[in-house]
Amino acid sequence: MWNRREVILGSLGLVVGLPRPALAGQDNGSGKLIEAFTGGKTPGEGKLSLTMPEIAENGNTVPLTVRVDSPMSPSDHVQEVLVVATGNPAPEVARFHFSPASGVAQADTRMRLAKTQDVVALARMSDGSLQQARTTVKVTIGGCGG
């Protein structure tokens with residue numbers, strides 16, 4: 001039979017050994033990732049669109065499309081787009097790099113969402129300005145809501 005001290009010390013060992021995202025209240029780093037990308041600047045809205053379903057019945061494969069309204073000329077084009085899932089253990093979902101040769105600043109892919117959360121897309125333009133789009137995706141479990 002274990003005494004109270006052994007139980008408490010054993011429980012403490014379990015908590016200390018957990019990976020950081022598993023601990024309640026821990027930030028997954030999405031805020032720092034966004035801050036690093038924006039450099040503290042406030043992004044504008046309107047040129048960047050993030051298209052995702054409002055409800056994802058399967059969080060393992062959620063489609064997304066990012067598109068930036070840009071002429072994609074040498075003097076006015078999209079350089080980079082970052083997609084961040086604010087509730088995933090690893091928040092950086094994707095980075096897309098563009099140049100004037102890209103013709104269109106659009107990318108389609110699928111991502112995994114651990115739970116219902118916001119997904120943020122940020123675009124860096126050639127003039128140094130930033131654009132942002134945000135959407136909330138509700139991830140259901142077995143189609144029953146979650």
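This is a predicted model: local features need pLDDT of at least 70, side-chain atom pairs count only at pLDDT 80 or more; totals for chains, interfaces and linings use all residues.
Two strands count as paired here if DSSP finds at least two bridges between them.

I'll start with the layout. The sheet is open and has five strands, in the order β2-β8-β7-β4-β5, with mixed pairing. At the edges are β2, residues 55-56, and β5, residues 92-97; each has a single partner strand, so one side of each lacks a neighbour in the sheet.

Now to β7, residues 117-125. On one side, β7 pairs with β4, residues 78-85, in the antiparallel sense, over seven bridges. Within that pairing, Val 81 has Ala 123 of β7 as its bridge partner, and Val 84 stands opposite Val 120.

Next is β8, residues 130-139, which runs antiparallel to β7 and is joined to it by eight bridges. Val 120 comes up again here, standing opposite Arg 134 in β8.

How many of the nine residues of β7 are buried? Seven are, taking buried as under 20% relative accessible area. That count is why β7 can be called largely enclosed by the rest of the structure. As background, side chains in a regular strand alternate between the two faces of the sheet.

That's the sheet; I'll stop there.

How values were computed
Residues are numbered from 1 along each chain as its sequence is written. Side-chain values use heavy atoms; hydrogens and water are left out. Buried means under 20% relative accessible area, exposed over 50%, partly exposed in between (1.4 Å probe, protein chains only). Helices (H or I, at least four residues) and strands (E, at least two) are DSSP runs, numbered from the N terminus.
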